[in-house]
Amino acid sequence: MSAKTGPDRPVLLKVEDLSVSYRLSEGQVEAVDGVSFELDRGETLGLVGESGCGKTTAAMAVIRLLPDNGRVTSGRALFDGTDLLQMAAQELRKYRWARISVIFQGAMNSLNPVQRVGDQLVSALMLHGIPRKEAEQRAAEMFQRVGLEASRLTGYPHEFSGGMRQRALIALALLLGPDIVICDEPTTALDVVVQDQVVETLKHLQQRYNQGMIIISHDISVIAETCGSMAVMYAGQLVEYGGTVEIFENPGHPYTAMLLRSFPSIKGELRELLTIAGAPPDLSKPPGGCRFHPRCPLAEQRCRDKRPPARSLGSGRHTASCHFAGQFTLDDIQKKEAGRR
Amino acid sequence: MTSNGVLVEASGLKKHYPLRTGFLASFLRSGGRRWVRAVDGIDLQIHRGEAVGLVGESGSGKSTTGLVMALLEKPTAGEVRIAGRNPFALQARDLREMRKKVQIIFQDPYLTLDPRFRVIDTVREPLGIHRIGTRDRRQQMAARALEEAGLPKNLVDRYPHELSGGQRQRVAIARAMVLEPEFVVADEPVSMLDVSVRAGIMSLMVRLKEQHQVTYLFISHDLAVCRYMCERIAVMYLGRIVETGDRESLLQEPFHPYTRLLVSAVPVPDPKASRKRVQVSGEIPSSSEIIQGCGFYSRCQEASPECAESVPPLREVAPGRLVACHKV
């Protein structure tokens, strides 16, 4: 099953130069602009960014689950050596769910309310050619693995709490043993205790099945705790990419650096939070050059003129798309920021 | 803080709502109506100039507590005292005067601003209602409140739909602050905002509190946000306060088993941090269930028979630390 597209690393998915645009009443909006990332077997990649940054669009484009007004305008998504973006719809259907599955955002409401939860699992298996008897057995096993009692299989979604529904959806997503699971804000609507249990379940299952996992989240804490690597998006573009520890210790993009310091924590010293002035841009008229320049304390003329290319930092695949990548410290940012006020 | 005296005090505060049931069900069932015990006996003191964070999961009753403390709901039992007076026992005129001093900021800045009002009019409206100043004066006061809230000058004549979430929340804050309130209830004011915008609103609220000596009840599901906003934290579970304490000591050494669970479940924005989890079974029960003893009994690892029998009172177990648990 493992897909080797490179000589040494078992790369499962390789996304290159992905761009997606939406047709909206105000015109064409480039929601994702030239995004590239990779996912290995056993790796958990965090797609991080604020609402509207394109993180969900980028992930959904890969499995071609964009809304009707969305269109991939460039790029490739190589899975098992084949480009998912070029594949015939018939062919793609075999990949979706069986090889790549999704836990959608607000998924708590995506179970069919008038069908028993167990039947929803069984019918998903039967659709992929598994006989009923075996399907029922596998559904029961999967239920237990995600921490639900098998007796719950005959229950309806409304009899489940939010956390239980989220677990049922995780079971549904893992049922066919996919190579990749995409989780879109898997914990957002959940209370902190339940959120923590769901995250633990996801981590545990990933270790067991060794899939590649993509977690889309705005919550830096969740990413820090679950993802070995992360991709930071801003205004449709990938601004930083690399190992999570590396990025937390040495952010190469001012946006990442400030975002990390704007996040409150219950641990550690009580430091003042950093504020990023302004708001993310309207993507129907994005700023020229670096899209972060209107909010960036380090911005100079060239940031307004020229889009910074992705620069390699350190070892491995850590890159940051900033003219000053690797040449600034948090102190510099804070001093410049204080000067701007 | 204590030297400043208590500004807001809730004692034995309860708010129960009737549970809507079908006609047949209410006809057939003996024993009368059922109630949702959203707030079920709260004692809380907030000192002048202090910010207290009220934390809990959804369904814990924290928002209802906020509505009662902001004088928008009448308590079922118990009372709220503001500057020593019970607002619901006041004459209409005095109550109106008190309402000026008590304001609320809601979670969703998309729902709380009237879409047909320009920003400046939204902020000016409460001044008109309370007949403060002349028209020109009100205009000036509204403009100043917006400036203090950090809304760019060129946006004051815009409509809410032209503003971002963070800008809208600044307008909502300006509207609450324009009356120069003494006590502000803020119900999840930053939870709908984007991460990069959130810190700005948080520091704005801290700054306004310091400049104007405002007292806050800051309602949030997020302990980390409370740590930055509030000197003291109160933890709610199933309609009751189970623990209060100074932010750092409560987070570092939580006493109540529920607080320990809550603190242990908060993810930390540090990939190298490891944390010990407190194990728990089940989820928060419905507040329409009638529970004899401690609300956390069914999930508590340390529970003993007495916990099922009587509600543990909130008592001081260490200086400034109140805990409602038979086991602590």
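Student: How much area is buried between chain A and chain B?

Tutor: This is a predicted model, and the figures below are computed from it. Carbon and sulfur atoms give 59% of the area buried between the two chains. On the chain A side, A:Val193, A:Ile266 and A:Leu270 lose the most area to chain B, together 20% of what that side buries. The area buried between chain A and chain B is about 3500 Å².

Student: How many residues of chain A are in contact with chain B?

Tutor: Contact here needs heavy atoms within 4.5 Å. Chain B brings 38 residues to these contacts. From chain A, the number is 41 residues.

Student: What ipTM does the predictor give the complex?

Tutor: Two scores come with the complex. The pTM is 0.90. The ipTM is 0.86.

Student: Which residue of chain A meets the side chain of B:Lys272 in a salt bridge?

Tutor: The N to O distance is 2.7 Å. The pair crosses between chains: B:Lys272 sits in the loop between α10 (257–265) and α11 (305–309) of chain B, and its partner is in helix α8 of chain A. That partner is A:Glu249.

Student: Which helix gives the most to the lining of the second largest pocket?

Tutor: The second largest pocket has a volume of about 650 Å³. In chain A, α8 (244–249) and α9 (254–261) each supply at least two residues of its lining. The top contributor gives 4 residues, and that helix is α8(A).

Student: Which residue of chain B is among those nearest the centre of the second largest pocket?

Tutor: The pocket is lined by 31 residues. By class, 14 are nonpolar, 8 polar and 9 charged. Nearest the centre lie A:Phe248, A:Leu260, A:Arg261 and A:Arg271, together with B:Pro269.

Student: How many charged residues are in the lining of the largest cavity?

Tutor: A search of the whole structure finds 5 cavities of 30 Å³ or more. The largest cavity holds about 90 Å³ of space. Its lining includes B:Arg37, B:Asp40, B:Arg240 and B:Glu289. Alongside 2 nonpolar and 3 polar residues, the charged ones number 4.

Student: What volume does the second largest cavity have?

Tutor: Its lining by class is 10 nonpolar, 3 polar and no charged residues. The volume of the second largest cavity is about 80 Å³.

Student: Which residues are closest to the centre of the second largest cavity?

Tutor: In all, 13 residues line this cavity. The closest to its centre are A:Pro254, A:Cys290, A:Cys296, A:Cys303 and A:Cys322.

Technical notes. Residues are numbered from 1 along each chain as its sequence is written. Chains are lettered from A and ligands numbered from 1 in the order in which they are written. This is a predicted model: local features need pLDDT of at least 70, side-chain atom pairs count only at pLDDT 80 or more; totals for chains, interfaces and linings use all residues. Side-chain values use heavy atoms; hydrogens and water are left out. On a 1 Å grid over the protein atoms alone, a cavity is a set of points where a 1.4 Å probe fits but cannot get out, and a pocket is an open set with protein on both sides within 12 Å along at least five of seven lines; lining residues have an atom within 4 Å of a point. Grid points are joined across faces, edges and corners, and a volume is the space filled by probe spheres set on the points. Ala, Val, Leu, Ile, Met, Phe, Trp, Tyr, Cys and Pro count as nonpolar, Asp, Glu, Lys and Arg as charged, and the others, Gly among them, as polar. Buried area is the accessible area (1.4 Å probe) that two parts lose on being put together, summed over both. A salt bridge is a side-chain nitrogen of Lys or Arg within 4 Å of a carboxyl oxygen of Asp or Glu.
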